[in-house]
Amino acid sequence: MKKVSKFANQAEHDSGKMRIDKWLWAARFFKTRSLAIDAIDSGKVLVNEERVKPAKTIDVGNLIAIRLGPYTFVVEVLGLSDKRGPAPQAQKLYQETPESIKRRETLAFERKAQAQVVQRG
């Protein structure tokens, strides 16, 4: 009889690949895998500038664009994990590109300025 290790899914990580929906959940971009799958299916998640399916495998070094509301995060995958840990641990799985940070900050400033104009009337 074949002995099954409690780390049976570790083989997926030894090969350096994992499903995009699991990674998005573990990296805390989405609260559930179902929400991650919905975002992927609706085209809000791109891997290396290509639309993908939830079962798409990703690897360290891939660029992932994630659209959340009006903001788009472009991140480089630095690590893989299928376990959802605390936020500081999840942030070690990716690094946002400097261009993405600048675009999000500019958009946030513009949205704040627009809100002030609307309030003044």
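**Entry 1: the loop at Glu 49**

I began with Glu 49, which sits in the loop between strand E2 (45-47) and strand E3 (50-51). Strands here are DSSP runs of at least two residues (E) and helices are runs of at least four (H or I), both numbered from the N terminus. The model is predicted, so I noted that local features need pLDDT of at least 70 and side-chain atom pairs pLDDT 80 or more, while totals for chains, interfaces and linings use all residues. Residues are numbered from 1 along each chain as its sequence is written, and side-chain values use heavy atoms, with hydrogens and water left out.

What is the phi of Glu 49? I found a positive value of about 65 degrees, although Glu 49 is not a glycine. For background, most residues other than glycine have a negative phi. I then looked up accessibility, where buried means under 20% relative accessible area, exposed over 50%, and partly exposed in between (1.4 Å probe, protein chains only). Glu 49 counts as exposed, at 77%.

**Entry 2: Arg 28**

Arg 28 also has a positive phi, near 70 degrees, and is a residue other than glycine. I located Arg 28 in the loop between H2 and H3. Its relative accessibility is 39%, so I logged Arg 28 as partly exposed.

**Entry 3: salt bridges**

How many salt bridges does a search of the whole structure find? I got three, counting a side-chain nitrogen of Lys or Arg within 4 Å of a carboxyl oxygen of Asp or Glu.

One of them joins Arg 19 and Asp 21, with 3.0 Å from N to O. Asp 21 is buried, at a relative accessible area of 0%, whereas Arg 19 is partly exposed at 26%.

Asp 21 also forms a salt bridge with Arg 33, where the closest N and O atoms are 2.9 Å apart. Why is this pair worth a note? Arg 33 lies in helix H3 (residues 33-41) and Asp 21 in helix H2 (residues 20-26), so the bridge ties together parts that are 12 residues apart in sequence. Arg 33 is partly exposed, with a relative accessible area of 31%.

Next I looked at Glu 96 and Arg 104, whose closest N and O atoms are 2.7 Å apart in their salt bridge. Glu 96 counts as buried at 15% relative accessibility, and Arg 104 is partly exposed at 22%. Looking across shared partners, I found that salt bridges join Arg 19, Asp 21 and Arg 33 into one network.

**Entry 4: aromatic rings**

I turned to the rings and found four aromatic pairs in the structure. Rings of Phe, Tyr and Trp (its six-membered ring) pair if their centres lie within 6.5 Å; planes under 30 degrees apart are stacked, over 60 edge-to-face, and the rest tilted.

Among them is the pair of Phe 29 and Phe 73, which is edge-to-face, with 6.0 Å centre to centre and 65 degrees between the planes. Which parts does this pair tie together? Phe 29 lies in the loop between H2 and H3 and Phe 73 in strand E6 (residues 71-77), so the linked parts are 44 residues apart in sequence. Phe 29 is buried at 12% relative accessible area, and Phe 73 counts as buried at 18%.
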